[in-house]
Each structure stands twice: as structure tokens, then as C-alpha cells.
Amino acid sequence: MQNQAIKQESTSRQQMPSFEIGSQRTPGPLVSIAQVKGHLRLLRAFHNLRVIVEECKDRRIPTFAAQMDRDSRWIWFITLAIDRFERWVKSLQCLPLEKFISKQFPPIDVWMVWHAYLLNPCWYEEDCERLGILQQLRLLNMFVVASINVGKLANNQPSVSRVAAWHKKTGSFFDPFDAMEELTHKQMECPRCRTRVFVPFVNDNGTGYSEQRFSAMCPLPGCRLKITKGNLAVAKFVRDLTESEDVSENYMAGSLFFGNGKRDPRRAKAIKDQLTQSSQFCRKSPRSSNQRIARLDWEKEIKESIGYSWPLLKDAIAIALRDQPEATRTKISSAYEDDSPFSINLISAVLRQGIFTKRIDDLGWLRPGTFRGGDKLQVLEHALLRYHCFLDLAAASPNLMPVPTLDIDLIWHSHQLMGGRYGVDCDVYISRRVDHPLTTEEAILSTALDNTCRAWQSRFHIPYMQCGCPAPDETVFERLIRILRQYAGTRTRLQASLHPDHLPATHPSLHNAVLDPERGVFGSFGKPAHPQRDEKDLVRLSRPLGVRKKHSKKTDPEPLVPHLHTSAMGRTYVICMTFDVLYGRLAGIILQPTCSDMRIFMRTRRNHRQGNHNSTAMVPRVKGMRTLPAAASLKTDTSG
């Protein structure tokens, strides 16, 4: 029996596919199909939770919350979940997997926040090293988090012992809807006098902690400071800056990882020394012999020198780090824009993951039983293959910022949910962290997507996107190289044709985009701190052309309209022009038609002609679109 079990195990190992990443080969897939299915079940639980909150489907939602609009109600719920997440991480103890699941595994709302945090791997790893409240979570990351069956736990009812342990350690009910009744106030410290203050999450005048115009008054008569998110952010920065140098991993948020994913603790330490020794933040009064009193005096000096002003603090950081790259200064400042102990805006993180979840739901991938068997399972198997090719591309192109498609992003998220194992895999196979940034400027993302498409085509000889969206422009030289390489074979098992249900999932994943408000084609798009303003635009733009829903004739692209173009050599081509909402430019598909194609073209041309024979007049109009000259230089034949 034992020999038979060993034989079966060796046979199963032989059947596990291995993948080439850079110069190495994996012993098997870095992510399993079972883990991806579990992740999809988890996303379905998050999606259902959001529907319940936004549509007020639970009677335990308080009356004041039921009177909010759906977006404000969801943000209020996320704020409560982040408060519960903070309580949970403070109460954690390092336990084996079985005991962790039975005693400490969090409820669904806290898991939703943790999920969004894990999907920012560089920030998450840095915080687990820097922050004292995350030290127990740091120990759990490698041996416990990577082994959790997330999908199974998301749907299972919690045991009595797990509910009791949660209530004892956090002081709140396990069920998030039961906890709403008691979670009415947020505890914080006054930035000036450090008095403990309790402020409501929501109040009648719109200045509650979870609202946009938050403000509160310090109750101490001798202080009476008006508390805002700005001066709370100042207190957070100063607290990290003046932390004892005896503490290991003592550096400022956002300074540990380079932009290319390389980890450099010595650089992080040098940045903090540069800040503490600058004229803006150095000690000016004599140092007390009592270490605690000396630190409090130093904090008070810095806060009063900038008047508890966040804009003045940002200017001081920029001056103190003027010899550092602008990206470094911006990254450090972005970690201190609110009072949360964590380095990223978790509200923004949860909202942006909600956009991704909505896109996966639009594909039909969250429906129960979608990938239970049959040919649909091939979709996940090929998505898994494409993800390993994505990592291979990152290993081969150290300076590339790879932009994932929806299917690749799903597998990538599943990998990141393994906590410390994701970082180890990146170190082993890619020699750096492949970060998954919370936000990326639209112009940077557009260029990065162009580069990803070209690099993928060059390395694997098949298109990166097959969703129907136009690919980036290809130079004559690149086209020649692509044709020559078609005869050289490929280093992967990638297929040129995918399952029909897979094609829409090869659309770019845009949930982290920060679109440029100056470009009217996208509509108004807010700042990263308020992604709820951006969500409707991103939801529309992140749909593949084949599955976009038509809401308005003014905003949806029309079918491609053909035009005749005669080249300088006298050859006639059909150019199908459309407006590319991702790149904000005109894109063309050039065909050399046969005679029968020309007859079809002439008939279609007559059907679309409406008196204006200018090429740009036939381009679909998008609300706010600027006039583009891309088609003006085309010599269009309007005869016939």
C-alpha cells in the first residue's frame, strides 16, 4: 500500500506542468487551479457583501446609513471594516494553521480589507517590517497565510469558539452587521496634546470621521485644536520620524523598495538619516536625559515649526530630500496622507479591488459552477499559463512595468494572497519584487501597456490582447522581426487561438488607473484619495469591446467605419478607423482587399455616407473628445 501511494504521488508530480521563468524552470505551477477557484469564491463573497450594503438588503443597517446614497454607504462600511482590521492585527498571536483558522481567522469584512492590503505586496511587506502592530502578521505570512483555503473559509459558517474568541480580543461582534450598532465612534489622539478623543464616524453636519469634511475639536480646555485629517497625517509622519533608532527596520514608509522592485534597507536608512539631519527636522532644543521626554519635545518642535500643516510638511519633505528622485519624494509623502497606521489608503485599495471584482463578475466568472469541469476549465488553465509567461516577461525585461490583462491579473492576485511566498517566488525567479501598484497615472499606464504588448509579441510571437481592442502601432522593423520569428518557434505552450469565453478576459486590467482630468475622453476623474469619483469611468473603460454594455449613444463607440486610402505607389487600401478610449487616439486597421472585399466596402461606404466625406467625421464621437488630426493626413478617395 505504501509503495502504491508513493507511486501515485510520483505520477501526479510528473503530470504537474513546469514553467520557464527567465533562466529557471519551476517544479510546478506557482499557483494552482484550486487556489484560483478559491479566490473566485472569495471575490463572489466580497461582491455579495457589497450588494447587501449598497442596496440596504440587511435590516440591521442603521437608519442614518440607509438614508445615505449607495456610494457613501459603502465607504462608511469600508471605514468600519478598516477599524475592525486594525483591532484584529493588534490582537493576533502566531499560531499553527489549524488553531489560527479556528481561533483567529477574521470575518468577511476584515478579510476584504486584508485582501486589498495583500494585493499591494511591496507596501504590505514594508509595513510588516516597520510597524509593531503587524509583527505577528509578519510571522504568519509565510507558514500560515500561504496555506489558507480562502474560498472554503469565505463560505463556511464560523464556529462558536471562533466567534467568541473574536469578540473577546477585539471587543466587537463577529458579524459586521451586528457590529454596526456598537461601532459609532473612532478613537484617536489629539495631534497637539495627545489627549484621547472619540469622534463619530458619521454626524449630522457631515464632519464625521468617515465623511469628506471630517473635523473635530480637542476637548481639553488648554488645547482646543481643530483636528483634521491633515494634522493627523502630520502627527503620523513625525511619530515615524522620531522613532527610536534602536528599533530594527526603522525607516520611513515608502523608502524600502526601489521603483524597479529591488529591496534596499541601507538606502532606506540613509533617507531617514537625511531627514533627521536636515534643517527642517533636526533637534533644536537641548536633549533631555529622559528618552521619552526628549522624543516628545522633538515631536512638538517639528509640529509647531510647520504649524500642524500638511501642505507645509510636504514642502519640508521635498526640500530635505531634494537630491532624491521626485518619485521617491512622492512615494514617501503618499504614505502619510491620512492618520491610518498603514502606509496605503486602504479605502482606496478596497474600492479599486471592487472595480476589478465587478469586471470579473461581468465576464461571468463569479457564477457558481462556472469552472466546475468541461472545456471551461481550459480557460483557467490557459490563464495560468499566460501568468507564468507574464512573469517570464518580467524576468527578461527588468525595466519593463508589465500591465496585466484581466485573466493574468486574477492569477496574479491569487499568487499575492500567499503572503510571504509571493515575495520568495519573485526573489527566486525574477530577482526583484514585481509590484502591483495601487494607482498608476493614465499616461504612464498607457505607455506601459504599449510596451507590454510589444514585448509579449516579440518574446512569444502571438498577440497579448485578443479582446478586440486595437494593439499599439507597429513599426515596419518590428513587423519584419515578428514575421521572421514566426518560423523560429516559441519558448512556451501558448496557443494563438483561445477559448471564446477567454477572449474578453484578455482586455487590460485598469482598476489601478488614475486618469488625466485634462483629457476629456475619460470624463472627470478625481484624485487617488477619492477613487469613488472615478469608478464609473473605470468600470466603463475596463470592459472589453465585446462585452461593453450600451448605456448612451453619446459615449459608446460605433462600429468601425471603412475608408479608402490610396498610397503614393497607387495601391488601394481599406482603413477602418475607430477611437481608442484607452490610448485617447485614433487607431486604424489596414487591409489590402480583394475585389469581392471592395464591392462589400463600397456598399458599406454608401450606407454610412451622410454628406460629410471627411475621414474624421466618420469617427465615433465620445463625450468630451478633442479633435484629433490623426486621420487628416490620409488621402481619402471619396468617389463611388
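## Asp-362 and Arg-359

In this predicted model, the side chains of Asp-362 and Arg-359 meet in a salt bridge at 1.6 Å, N to O; a salt bridge is a side-chain nitrogen of Lys or Arg within 4 Å of a carboxyl oxygen of Asp or Glu. Both residues belong to helix α17 (residues 346-362), three residues apart, about one turn of the helix. Helices are DSSP runs of H or I with at least four residues, strands are E runs of at least two, and both are numbered from the N terminus.

Arg-359 is buried at 3% relative accessible area, while Asp-362 is partly exposed at 23%. Buried means under 20% relative accessible area, exposed over 50%, and partly exposed in between (1.4 Å probe, protein chains only).

## Glu-54 and its two partners

Glu-54 forms a salt bridge with Arg-50 (2.8 Å, N to O). The two lie four residues apart in helix α2 (residues 33-54). Glu-54 is buried at 9% relative accessibility, and Arg-50 is buried at 11%.

Glu-54 also meets Arg-70 in a salt bridge (2.7 Å, N to O). Arg-70 lies in helix α4 (residues 70-91) and Glu-54 in helix α2, so the pair ties together parts 16 residues apart in sequence. Arg-70 is partly exposed, at 42%.

## Whole chain

The structure holds 29 salt bridges. The chain has 24 helices and eleven strands, and buried residues make up 50% of its 640 residues.

## Basis of the values

Residues are numbered from 1 along each chain as its sequence is written, and side-chain values use heavy atoms, without hydrogens or water. Because the model is predicted, local features need pLDDT of at least 70 and side-chain atom pairs count only at pLDDT 80 or more, whereas totals for chains, interfaces and linings use all residues.
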